[in-house]
Amino acid sequence: MPFRPRYTGLIDKYRDRLPVHDDTRIISLGEGNTPLIRLNNIPRLLGKEVDIYVKYEGLNPTGSFKDRGMTMAVTKAVDEGSRAIICASTGNTSAAAAAYASRAGIASFVLIPDGKIALGKLAQAMIHGAVVIQIKGNFDAGMQLVKDVALEAPVTIVNSINPFRLQGQKTAAFEIVEELECAPDFHCLPVGNAGNITAHWMGYREYQDHGIVNNHPRMVGYQAAGSAPFMRGQPVDNPETVATAIRIGHPQSWDKAWKVREESNGWFDECTDQEILAAQKLLALKEGVFCEPASATSLAGAIRDIKSGKIPEGSKVVCTLTGHGLKDPDIAISQSTAPVHTVEATLESVKRAILENMA
Ligand code: F0G
């Protein structure tokens, strides 16, 4: 058969494993089905025999993994008759909420920390017509306000405390298992609220419990050093990091995350901003893959643990790249050392610029 059925999003694909009915109106933008890219050059640079794959979640419709959860959360909100959704966000959730609300024809309200979200994400919330409320406080303050206001206004919360979000997000683990035909040995993720690491673990467990595979990965969560409550063993009141997406000091899935660590025999660790930016740049320069800073935290941590042998040679490692690099153009430009060459629009000048810069 020369044609395959059109891909229509993860709810259609995994309908049997998600809490929807045959007649549920699905709100989808074709999310999921993202590439699992095997790194060619970075393992060689590390001098280690490891298989590293990156799950490029930045290629979801709004440029982050949030779309997996948002298709479920908005589908259920609409099914239950909700006319408006609300979230607090470091940027990506607000972009996804705004887009899926538009698709559904309902309203969206997004609370974002004043001046601390990447430009691309703000652009998305605005163009999709969300009501953008910038608060003079951080994500954690916004999250508390969202919980409080939802008790008094007719709005459905679509942060990851909404259980349908995690149901949608678990499908990333399904896709990885299907492609590798087994679970990886290690799965590394950046951690903020810890919803995504929890959702992945749910997915891996489900496939193992249902006999689709007989192994599961050790789950490894990396936080930014200035924003690492799991490493401090307690919430952090004033988190700071260049990786604004994970600038979170009071993770909402605190208990779930520790359970994931225990059940999967995994670990948490932290990466400095320098390590995060170095990994973002290395991935872009050596593999052609552009992710946002927070996303590079998974690779930064994995590189360190591969170098030290904590992740041993012979392992199959998956790093989730949670968001696209275009989300945060300011950071990308500011950390690029290669100059832009401005020359006369003549053959001679362009030729000179090429010859002078040949490697
Ligand atoms: N990476 C990116 C790019 C994110 O946007 C987030 C969370 C995470 C990682 C962490 O995921 O919270 O499930 O542990 N962003 C949220 C937002 C908080 O509002 O967009 P987590």
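1. Which residues lie nearest the centre of the largest cavity? In this predicted model, they are Phe65, Lys66, Gly192, Asn193 and Ala245, and the lining has 28 residues in total.

2. Next, the space itself. The count comes to 1 cavity of 30 Å³ or more, and the largest cavity holds about 330 Å³ of space. Its lining divides into 14 polar, 11 nonpolar and 3 charged residues.

3. Helix 9 has the largest share, with 3 residues.

4. Now for the ligand, which sits in the largest cavity. Two elements give two or more residues to the shell around the ligand: helix 4 (92-104) and helix 9 (195-209).

5. The ligand is surrounded by 20 residues, and the closest are Ser89, Thr90, Asn193, Ala194 and Thr322. By class, this shell contains 11 polar, 7 nonpolar and 2 charged residues.

6. Finally, have a look at some individual contacts. A polar side-chain atom of Thr322 is 2.7 Å from a nitrogen atom of the ligand. On the backbone side, a polar atom of Asn196 lies 2.8 Å from a ligand oxygen, while a backbone N or O atom of Gly195 is 3.2 Å from an oxygen atom of the ligand. On its own the ligand has 480 Å² of accessible area, and the protein covers 99% of that area.

Key: Residues are numbered from 1 along each chain as its sequence is written. This is a predicted model: local features need pLDDT of at least 70, side-chain atom pairs count only at pLDDT 80 or more; totals for chains, interfaces and linings use all residues. Side-chain values use heavy atoms; hydrogens and water are left out. A residue is near a molecule or strand if one of its heavy atoms lies within 4 Å of it. A polar contact is a pair of N or O atoms within 3.5 Å; within protein, one must be able to donate a hydrogen and the other to accept it, and residues adjacent in sequence count only if both atoms are side-chain atoms. Accessible areas come from the Shrake-Rupley method with a 1.4 Å probe; for residues, only the protein chains shown count as cover. On a 1 Å grid over the protein atoms alone, a cavity is a set of points where a 1.4 Å probe fits but cannot get out, and a pocket is an open set with protein on both sides within 12 Å along at least five of seven lines; lining residues have an atom within 4 Å of a point. A molecule sits in a cavity or pocket if more than half of its atoms lie within 2 Å of its grid points. Helices (H or I, at least four residues) and strands (E, at least two) are DSSP runs, numbered from the N terminus. Ala, Val, Leu, Ile, Met, Phe, Trp, Tyr, Cys and Pro count as nonpolar, Asp, Glu, Lys and Arg as charged, and the others, Gly among them, as polar. Grid points are joined across faces, edges and corners, and a volume is the space filled by probe spheres set on the points.
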